[in-house]
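The model is shown below, followed by the main points grouped by topic.

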Amino acid sequence: MPDTAVRSRVPERTCIGCRRKAGPAGLARIARRPDGSLSVGRVEPGRGAWLCAGSVACFDAAVRRRAFGRALRCEVPGHELDRLRGRLLSEGESTSNGPTGHTLEGVGGA
């Protein structure tokens, strides 16, 4: 039996900011709930988008590219993005290293 048949398969997700592919462990999921509100969490119901956990650079790139609206298939107002940014970066979901092991800008350190 070949090695590939024995290995368990890890799902791959793409960050909407930097477009890096990684497993869900290195990414945060932003969900649009059925009522239209946005929430953060892997088990939240609704349409979701993935973002490198704790990365200010990825969040800013996603905002610049208007990726939240495309990924979530809805208009995301500026005040919602501000609230989401504060929540993502202050909740402890942030790590100093991204999914590929690179240090993320604006995270950790002094």
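In helix H2, which spans residues 56–64, the buried residues are Val 56, Cys 58, Phe 59, Ala 61 and Ala 62. The model is predicted. The cover over the buried residues of H2 includes strand E5 (47–52), helix H3 (67–72) and helix H4 (78–90).

**Salt bridges**

- The count of salt bridges comes to 3.
- Arg 85 and Asp 60 form a salt bridge through their side chains, at 3.2 Å from N to O.
- This pair links distant parts of the chain, with Arg 85 in helix H4 and Asp 60 in helix H2, 25 residues apart.
- Arg 85 is partly exposed at a relative accessible area of 31%, and Asp 60 is partly exposed at 25%.
- Glu 44 and Arg 33 meet in a salt bridge of 2.5 Å, N to O.
- Glu 44 lies in the loop between strand E4 (38–40) and E5, and Arg 33 in the loop between strand E3 (27–32) and E4, so the pair ties together parts 11 residues apart in sequence.
- Arg 33 counts as partly exposed, at 31% relative accessibility.
- Within helix H4, Glu 80 and Arg 83 lie 3 residues apart, about one turn of the helix, and their closest N and O atoms are 2.9 Å apart in a salt bridge.
- Glu 80 counts as buried at 17% relative accessibility, whereas Arg 83 is partly exposed at 36%.

**Positive surface patch**

- Arg 19, Lys 21, Arg 65, Arg 66 and Arg 70 form a positive surface patch.
- Arg 19 sits in the loop between strand E1 (13–14) and strand E2 (21–22).
- Arg 66 follows H2 and has a positive phi, near 60°.

How values were computed
Residues numbered from 1 in each chain as written. Predicted model: local features only at pLDDT ≥ 70, side-chain atom pairs only at ≥ 80, totals over all residues. Heavy atoms only, no water. Patch = residues over 30% accessible without salt bridge, like charges linked within 9 Å, V, L, I, M, F, W, Y side chains within 5 Å. Areas by Shrake-Rupley, 256 points an atom, 1.4 Å probe, with all protein chains shown as cover. Salt bridge = Lys/Arg side-chain N within 4 Å of Asp/Glu carboxyl O. Lys, Arg positive; Asp, Glu negative; His and termini not counted. Charge placed at Lys NZ, Arg CZ, Asp CG, Glu CD. Helix = DSSP H or I, 4+ residues; strand = E, 2+ residues; numbered from the N terminus. Buried < 20%, exposed > 50% of the residue type's maximum accessible area, 1.4 Å probe, protein only. Contact = heavy atoms within 4.5 Å.
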